[in-house]
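User: I'd like to know what's behind the labels on this model. Can we go through them?

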Amino acid sequence: MGLSVSASAGVVFLGVFLAVGIAYPAAANGFERVTDARGDAADRALERANTDVEVTNATYFEANETLVVRADNDGTTSVGVEDATLFVDNVIPAAANTTVTVEGDGDTGLWLPGETARFEVDLAGEPTPERAQVVVDHGVRDASEVGVN
């Protein structure tokens with residue numbers, strides 16, 4: 001075996017070493033990202049399965065043109081009050097006309113399991129609502145027909 005054969009074997013070995021050195025970290029990072037994404041998806045699915053909301057009452061008071069919707073957090077996860085959205089006839093009422101309280105507290109940002117949220121909407125000048133729907137995290141929702149008082 002001459003010098004050129006040994007030198008060529010060294011060049012090939014060095015090339016293979018560099019190629020593996022470049023490819024392995026890229027592949028390892030890709031597999032790690034896929035594994036993390038699958039874990040995050042499983043966490044979101046678990047939170048969605050543990051989240052439940054039920055609209056217990058939706059009443060429109062004609063005297064003061066106000067809609068009051070009460071909903072219970074029946075799940076085992078807490079829900080952000082800012083993440084809870086009320087739809088009235090498939091329209092989100094203006095935030096300025098909507099008041100949300102949880103167990104009578106208008107300053108809280110959390111809607112804990114077992115608690116009742118009260119949405120009060122001033123619908124002055126709007127037609128009588130027919131349907132109210134509360135949507136919380138992960139698209140979990142419940143709707144109810146509106147009773148008129």
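Analyst: Let's start with exposure: buried means under 20% relative accessible area, exposed means over 50%, and partly exposed lies in between (1.4 Å probe, protein chains only). One caveat: this is a predicted model, where local features need pLDDT of at least 70 and side-chain atom pairs count only at pLDDT 80 or more, while totals for chains, interfaces and linings use all residues. Residues are numbered from 1 along each chain as its sequence is written, and side-chain values use heavy atoms, with hydrogens and water left out.

User: Why is E120 called partly exposed?

Analyst: E120 has a relative accessible area of 30%, which falls between the 20% and 50% limits, so partly exposed is the label. R118 gets that label too, at 27%.

User: What makes E120 and R118 a salt bridge?

Analyst: The term needs a side-chain nitrogen of Lys or Arg within 4 Å of a carboxyl oxygen of Asp or Glu. Here the closest N and O atoms of E120 and R118 are 2.5 Å apart, so the pair qualifies. The structure holds one salt bridge.
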